Amino acid sequence: MKIIICKDYEEMSRKAAELVGKCIENTPEGLISFPGGDTPLGMVHKFTEMVNEGQIDISRIKYVSLDEWVGLSHEDGGSCGLFNQENLLKPLKKPFEKVHLIHGDAEEIEAEREALNDYILKYGPLMVSVLGIGMNGHLGFNEAGVDFGVEAHIIPLDEVTRSVMPKYFGEKFHPTHGITQGLKQIMEAKTVILIANGAHKADILSQTVHGPVTREVPASILQTHPDCYLITDQAAAVKL
């Protein structure tokens, strides 16, 4: 794992976007994936800026969302679909070649899981997977105890994950499950970029980087990835 420690959130976001751009420059046709949420917001904005300024060519790049809260539509505040639409897809002046966003409100959620698998199978493996990390070490909604060999799946949300939901939804939604790319698909990515910021992530980053590889800290599997970058700010890196 290559560790890049940045002075602040802005530098972390820029470094991550630039690394994605470099990967696309080296391999201009492929499949990429970004997470939703607060941590990747700056990176996504910088990426769209670079695309719009002509620094990154995504004309032959396919995109797939990482995960979604089961029950939420792309119009629901706090959903990963809305995050992708508002912060990535709509601001782009030139679109990705193809896009697949997970529909958390699909009537047949098992069919939605199969569609995610089928899309990654058709256009993958992932060229670049950008990931955030949960306070419990989850990647996407691959919660503690998850099988490292699983593909796209539907999973009950960990208590730690559910405790942060009010930040996104207030009291409007109470999802109990997530639908997510599996760790097998993430680990098959050519390049993985893990981003984290803030002192509250210091303990879990230390476990991820220096602790044992264990299903109880799903992100620890990244220790075994052949081309994984951890890009973090100084506050999150204090225990590395």
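Trainee: In which hand, left-handed or right-handed, does α1 pass α2?

Mentor: This is a predicted model, in which local features need pLDDT of at least 70, side-chain atom pairs count only at pLDDT 80 or more, and totals for chains, interfaces and linings use all residues. Residues are numbered from 1 along each chain as its sequence is written, and side-chain values use heavy atoms, with hydrogens and water left out. A crossing is left-handed if the near helix is turned anticlockwise from the far one by less than a right angle, and right-handed if clockwise. Here α1 passes α2 in a right-handed crossing. Helices (H or I, at least four residues) and strands (E, at least two) are DSSP runs, numbered from the N terminus.

Trainee: At what angle do α1 and α2 pack, and how far apart are their axes?

Mentor: Two packed helices are described by the angle between their axes and the distance between the axes. Axes are lines fitted to C-alpha atoms, for helices over the stretch in contact, and angles run from 0 to 180 degrees between N-to-C directions. Helix α1 (residues 9-26) and helix α2 (residues 41-52) pack at about 50°, with axes 8 Å apart. That makes α1 oblique to α2; angles under 35 degrees count as roughly parallel, over 145 as roughly antiparallel, 65 to 115 as roughly perpendicular and the rest as oblique.

Trainee: Which residues in α1 meet α2?

Mentor: Contact means heavy atoms within 4.5 Å. Y9, S13, R14, A16, A17, E18, V20 and I24 in α1 meet L41, G42, M43, K46, F47 and M50 in α2.

Trainee: Is Q181 buried or exposed?

Mentor: Buried means under 20% relative accessible area, exposed over 50%, and partly exposed in between (1.4 Å probe, protein chains only). Q181 counts as buried because its relative accessibility is 0%. Q181 is found in the loop between β8 (177-180) and α7 (183-187). Not counting residues up to four places away in sequence, Q181 touches residues including S33, L116, N142 and H153.

Trainee: Where is G198 placed?

Mentor: G198 lies in the loop between β9 and α8. G198 is buried, with a relative accessible area of 13%. G198 and D233 are 35 residues apart in sequence and 6.9 Å apart in space, C-alpha to C-alpha.

Trainee: Which residues of α8 are buried?

Mentor: In helix α8 (residues 202-210), the buried residues include A202, I204, L205, S206, T208 and V209. Their cover includes β1 (2-6), β9 (191-196) and β10 (228-233).
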